[in-house]
Amino acid sequence: MLTPKGAPYNPTVPKVVQAGEFFVVGGPVQPDRPCYVERAADAELARAVREQRFCYVLAPRSSGKSSLMARAIRALRQDGQLAAVVDLAQIGLRGNTSDAGRWYYSIAYRILRELRLKIDLQAWWQEKSGLPSEQRFSEFFWEVLLANTTTPVTVFFDEVERALDVPFGAELFATIEACYARRVSEPDYARLNFVVLGVASAASLAADPSLSPFIDGQFIDLADFTLAECMQLAPGFRLPEDEARAIIERVFAWTRGQPYMTQKVARGVARKGGRPDDVDRVVREQFLGPSGPQGEPLLNHVRSLLSDGRATTRQALALLGKIARGAAVHDDRSAPPKELLRLSGIVAAGPDGLLSYRNRIFGEAFDPRWIGGVRPFDWRAAGAVAALLAVAVVVPLWYGRYLPRPYIRTLSVVTQDFAVAD
């Protein structure tokens, strides 16, 4: 971190880490890496876990969720507590999405393996075969996990959006809620705690409020780095303080502290020699090149999310077009199109509650031209416009040229009866 004025500044990094390799891009930042940027979420999660509170970190991709989790797990283990990680992306069903038993068994097995508990889970699971799968899973925590441990246990569920891929995924969160409810009758449940992380909304994961742990849980706001937090990366440039500060400020102007982008741009600048003038060139090369969003992994992920043609996606693109034009769009997490934009990572809500591009890179990569090119043609709206135009043209034509014809013929006959003509 940059030191206060007057304090000595040491821009050196370990000799084994070259300038440019100080930074980590494309994966979790290990807790002991010097480029790990500690932010408010670290202290907030640590405090909530110490209080044995259910925590959830739901944020866009590449926001630093896995890095935050690794840091918290290291602190727990150093404190003598037990911690297990269950990555739901690794819990497969071999194409059979109706096999709830296999899914829950795989989760239970992964927890025991993470905690290095030597227990015959298969025998216990078969013994409870008369119970529904979700009930077996619930009993697993009491009869197996808590019965064979004496210290606090925290289970981290990563990639929780994968629970949306199976019809029984909501039961996972109902089970978590049941564990907290049982603290009233079984005090030993107070040793068991859960943290979930992923790219989803709480409402989509647990729609029934009576079975949702999110209602009383602790939301961990994984905000992007502030400028002051970005300064923790300054030693990676191995430059005098004022030069490193100038680079960080220029990087921040583009990324607004988005963790992945900040690390990637900083690494690119460091590899080029570390000059403030290199920042713009690195951004153009790595994020805003001729191939557009397809050429960069994170931008390509956002592009895919916003190009699938679903009705919600079309509505989200319409909102993004308004944001691009500077219109006021209020944040509303209960509105699916706005939640899609937020979870994609392309927008963020400001202190005024209005949505705007998350940073300058997103704004230039997904500008109005891109939105116009990817937004599907709205045939329904076009049909409505065509119908209105047809009415506007046909009705006056019919009224002025066709409707009067029988009357004109009647009035054109010289011998016509006066009463008829009248």
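Q: Which residues does Asn359 touch, not counting residues up to four places away in sequence?
A: Asn359 touches Trp254, Thr255, Arg256, Gln258 and Met261. Contact here means heavy atoms within 4.5 Å. The model is predicted: local features need pLDDT of at least 70, side-chain atom pairs count only at pLDDT 80 or more, and totals for chains, interfaces and linings use all residues. Residues are numbered from 1 along each chain as its sequence is written, and side-chain values use heavy atoms, with hydrogens and water left out.

Q: Why is Asn359 called buried?
A: Buried means under 20% relative accessible area, exposed over 50%, and partly exposed in between (1.4 Å probe, protein chains only). Asn359 has a relative accessible area of 4%, so the residue is buried. Asn359 is found in the loop between β7 (355-357) and α15 (360-365); helices (H or I, at least four residues) and strands (E, at least two) are DSSP runs, numbered from the N terminus.

Q: What makes the pair formed by the side chain of Asn359 and the backbone nitrogen of Ile361 a polar contact?
A: A polar contact is a pair of N or O atoms within 3.5 Å; within protein, one must be able to donate a hydrogen and the other to accept it, and residues adjacent in sequence count only if both atoms are side-chain atoms. The backbone nitrogen of Ile361 lies 3.1 Å from a polar atom of the Asn359 side chain.

Q: Why does Thr255 count as buried?
A: Its relative accessibility is 0%, so Thr255 counts as buried. Thr255 belongs to helix α9 (residues 241-255). Leaving aside neighbours within four places in sequence, Thr255 is in contact with Met261, Thr262, Val265, Asn359 and Ile361.

Q: Why is Val374 called partly exposed?
A: Val374 is at 24% relative accessibility and therefore counts as partly exposed. Helix α16 (residues 368-374) contains Val374. Residues up to four places away not counted, Val374 touches Leu306, Ser307 and Leu317.

Q: What makes both faces of β1 covered?
A: Cys55 and Val57 on one side and Tyr56 and Leu58 on the other are all buried.

Q: Where do α5 and α6 meet, and which residues make the contact?
A: The axes of α5 (residues 133-145) and α6 (residues 170-181) come within 10 Å and cross at roughly 35 degrees. Axes are lines fitted to C-alpha atoms, for helices over the stretch in contact, and angles run from 0 to 180 degrees between N-to-C directions. The contact is made by Glu134, Phe137, Ser138 and Phe141 of α5 and Glu171, Leu172, Thr175 and Cys179 of α6.

Q: How many residues make up the protein, and what share of them is buried?
A: Of the 422 residues in the protein, 45% are buried. The protein has 19 helices and seven strands.
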